[in-house]
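User: Hi, I'm new to reading protein models and would like to go through the side-chain contacts in this one. Could you put it up so that we can look together?

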Amino acid sequence: MNNIPSPRNMKRIIKYVFLMGYFIVCSSPALASDKWQELWVRLKHATYIQMGSGKTVIYDFFDPNCIYCAKAFQLERPFVDKGQLTVRYVPVGFLTDSSFGKAAAILQAQNPQEAMKHNYMELLRTGHAAISSVTATEATHSALRQNERIFISTGATTLPELVYRLPDGQVEAFRGELSKAQLDLLTSGHRLDN
């Protein structure tokens, strides 16, 4: 199996690393609060797939090929089903060569929620994403690139990336795998520690 990135992906990786370095250098605790508030406003204009209607709202960045994103999806489901959590799944597509086309397929599906659910249930069951890549429409391509820019602006280097707002209005992020105990805390209005 060839693990060498294609020239196209290498270009994207270099761009991503450069932007990540920029945001790490430019992020300081003094600026963090304002930056996160600005991010929350930007997230409202992201293209996302919403599930649930709970009072706690999180934005969950995901890649269709990300097993950790699938695990987060599975963990969040009971909280969504109980009405405790609103999850706005923000698709990005950069982990593998097929990620962008799969993210496009989910967004362009007749029922994006079901497409996403089916994709992740199959990924958890078999280790392979269920959805096939498609060519993104112009609108979908633009939306996914915008989501990617927002994701990069969080300073994240891993998926899943969760952005949430506490009852006091403070915006926070959580990176990596969540636990049920952490979701219990979050839905109770408490900050999560990375």
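User: Which helix do K180 and D184 lie in, and how many residues apart are they?
Analyst: Keep in mind that this is a predicted model. K180 and D184 both belong to helix α7, where they are four residues apart, or about one turn of the helix. Their side chains meet in a salt bridge, with 3.0 Å from N to O.

User: And are those two buried or partly exposed?
Analyst: K180 is partly exposed, with a relative accessible area of 48%, and D184 is partly exposed as well, at 32%.

User: OK, how many salt bridges does the count come to?
Analyst: The count comes to seven salt bridges. One of them joins E148 to R145, whose closest N and O atoms are 3.1 Å apart. Because E148 and R145 are three residues apart in helix α6 (residues 138–153), about one helical turn separates them.

User: Are E148 and R145 buried or exposed?
Analyst: Both E148 and R145 are buried.

User: What about R191, which residue does it form a salt bridge with?
Analyst: R191 forms a salt bridge with E172, and the closest N and O atoms are 3.1 Å apart. R191 lies in the segment after α7 (180–187) while E172 is in strand β5 (residues 171–175), so the pair ties together parts that are 19 residues apart in sequence. R191 is partly exposed at 45% relative accessibility, whereas E172 is buried at 10%.

User: How are the planes of F73 and Y120 arranged, then?
Analyst: The planes of F73 and Y120 are at 50° and the ring centres 5.7 Å apart, so that pair is tilted. F73 is in helix α3 (residues 67–81) and Y120 in helix α5 (residues 112–126), 47 residues apart.

User: Which residues form the aromatic cluster?
Analyst: F62, F73, Y89 and Y120 form one aromatic cluster.

Terms used
Residues numbered from 1 in each chain as written. Predicted model: local features only at pLDDT ≥ 70, side-chain atom pairs only at ≥ 80, totals over all residues. Heavy atoms only, no water. Phe/Tyr/Trp six-rings, centres within 6.5 Å; stacked < 30°, edge-to-face > 60°. Helix = DSSP H or I, 4+ residues; strand = E, 2+ residues; numbered from the N terminus. Salt bridge = Lys/Arg side-chain N within 4 Å of Asp/Glu carboxyl O. Buried < 20%, exposed > 50% of the residue type's maximum accessible area, 1.4 Å probe, protein only.
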